[in-house]
Amino acid sequence: MISVSPSLVLHKSPTFSFFLNTSIRQNPTCRFTVRSSFSSSLQQVEKSSSSSESRDLVPELQSPAPLPAIKASKRVVLVRHGQSTWNEEGRIQGSSNFSVLTKKGEAQAETSGQMLIDDAFDVCFTSPLERSKRTAEIIWGNRGEEMITEFDLREIDLYSFQGLLKHEGKAKFGAAFRQWQVDAANFNIDGHYPVRELWDRARTCWTKILEHEGRSVLVVAHNAVNQALVATAIGLGTEYFRVLLQSNCGVSVLDFTPRIEGGSPFICLNRLNQTPNSPVAAGSSGGRKTGKRIILVCHGSTQTDAEAGNPFSGDQTMNMLGVIQSQKTAELLLDMNVSSIVSSRKKASVETAIAISRVQEAADCLGADCVPRYVEMKQTENLDDSSVISPLRPGWLNGFEDIVLSAVWDQSEEAWQYLLKELASESESERVVVVVGDPAINIALMGHCLNLTKDWMGSFHLDAGSISVVDFPDGPAGRGVIRCINYTAHLGRWSIPITRSTVDDEMF
């Protein structure tokens, strides 16, 4: 179950600057550009034939275009449609409306519907395309609330590409098809820049969604448009296309919290791409095969996490819930051939790492040869976190002083570089590194992967026992593709609820 009752996040002392100092150092090994911090969206690209339209999109800081102010907290759940006939055929769909759900796609929608069955939505926005409308109908079930068909939620417009098999597109369009694969932000076809147009549409959609009075909102749409919705909400530009994965019927959750002073709300990506199937199953990332992967695991709950009067995590062992969570995580990773486990030196992290290691080694004994396989375990102080409280609510990091976040950020940068070296192995075409640490450190690691700054840390949320998966189709020197964030479906009844009950927020 995914609860969608929005929760209030109190941002008592936000310390973030809303425009980024251009002197901030960037990661030289990453192809991303640091974007303006906490911008709700980026400056729109003019849809004209001016010289700015004909130029390549130059990576640079852009003025924020704030989202509408809201009076009460709001939760938006995004779902991509189930597998379609053209997905199955490998045909480029774009915004065409000729494909329908396969039997597998309908089954995926049923599973996502079960994930959301106990959740109360005020409204459902859906794409007008049949594959998404059918997915929405299956998930919506017998609910009597309003369903709104929104034209701007259609899939990306791909013009002459639409309807072609991928090998046909490559043969017919050559260099243009190659640019679509490797530089989508600058991809031009039939006089259009599809990804730029999509980002503009996503901002328009957010205005309509946030201006609706509903506080629990379901949005059922498509791969590319859902990527654009996530990216524009947290202020990422078109160069992040294909970086935030959206699988068939994957569920992503965003929390919007009003500011006391008004203006664009605080925004937190509560989770990304919680799928009906396992997030660590073999497959591609954004259509590309990958052999290098980092799995970020948050250690199980500790005794202190359950003590409301003492928010500081300290160095505690796991409580019974944490032990169960760590075991469930170990079972989820059972079929993964884990190369090494790197953990914090803290007790809860070490205990979680040991649980994963034991299941990995026992799993190898189930084979015909019954030869135990040793999984290398390492600890590093750079994954320790002694300064940040346990995650209580989405956006919990927004209330911390800059000096605290800076310490965590700088420490995690060293950890990230260490992990990339750990992942790099010329002798192994496939290598999986499991990282066990505190939620704050793991959030910071994802920020480094995306080449962001510490100002983005409040834009993400992780629960105890969750996993987040980063794939590297081009190896550790290339950009990471985020396969999922804050995945907790494997925890079942022992998962920490995504939200708490809505509290009185009349002050807004």
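Predicted model: local features only at pLDDT ≥ 70, side-chain atom pairs only at ≥ 80, totals over all residues.
1. Helix α7 (residues 194–211) and helix α8 (residues 223–234) have axes that come within 9 Å and cross at roughly 70°. The handedness of the α7 and α8 crossing is right-handed.

2. It is worth looking at the residues behind that crossing. On the α7 side, the contact is made by Leu198, Trp199, Arg201, Ala202, Arg203, Cys205 and Trp206. Helix α8 contributes Ala224, Val225, Ala228, Leu229, Ala231, Thr232 and Ala233. Sorted by class, the contact of α7 with α8 has 11 nonpolar residues, one polar residue and two charged residues.

3. Next, please have a look at strand β13 (residues 467–471). Five of its five residues are buried, so β13 is largely enclosed by the rest of the structure. Ile467, Val469 and Asp471 point one way from the strand, while Ser468 and Val470 point the other way. Residues pointing in both directions are buried, and Asp471 is among them.

4. What does β13 pair with? One partner is strand β9 (residues 292–298), antiparallel to β13 and joined with it over five bridges. In that pairing, Ile294 has Val470 of β13 as its bridge partner. Another partner is strand β14 (residues 481–487), which also runs antiparallel to β13 and is joined to it by four bridges. Here Ile467 stands opposite Tyr487 in β14.

5. Is Ala415 buried or exposed? Its relative accessible area is 1%, and buried means under 20%, so Ala415 is buried. Leaving aside residues up to four places away in sequence, Ala415 touches Asn382, Leu383 and Leu445. Ala415 and His448 lie 33 residues apart in sequence, and their C-alpha atoms are 9.9 Å apart in space.

6. Finally, some figures for the protein as a whole. There are 12 helices and 14 strands. Of the 508 residues, 59% are buried. Among contacts between residues at least 6 apart in sequence, 76% join residues at least 24 apart.

Technical notes. Residues numbered from 1 in each chain as written. Heavy atoms only, no water. Buried < 20%, exposed > 50% of the residue type's maximum accessible area, 1.4 Å probe, protein only. Helix = DSSP H or I, 4+ residues; strand = E, 2+ residues; numbered from the N terminus. Pairing = 2+ DSSP bridges. Axes fitted to C-alpha atoms, helices over the stretch in contact; angles between N-to-C directions. Left-handed = near helix turned anticlockwise from the far one by under 90°. Contact = heavy atoms within 4.5 Å. Nonpolar A, V, L, I, M, F, W, Y, C, P; charged D, E, K, R; others polar.
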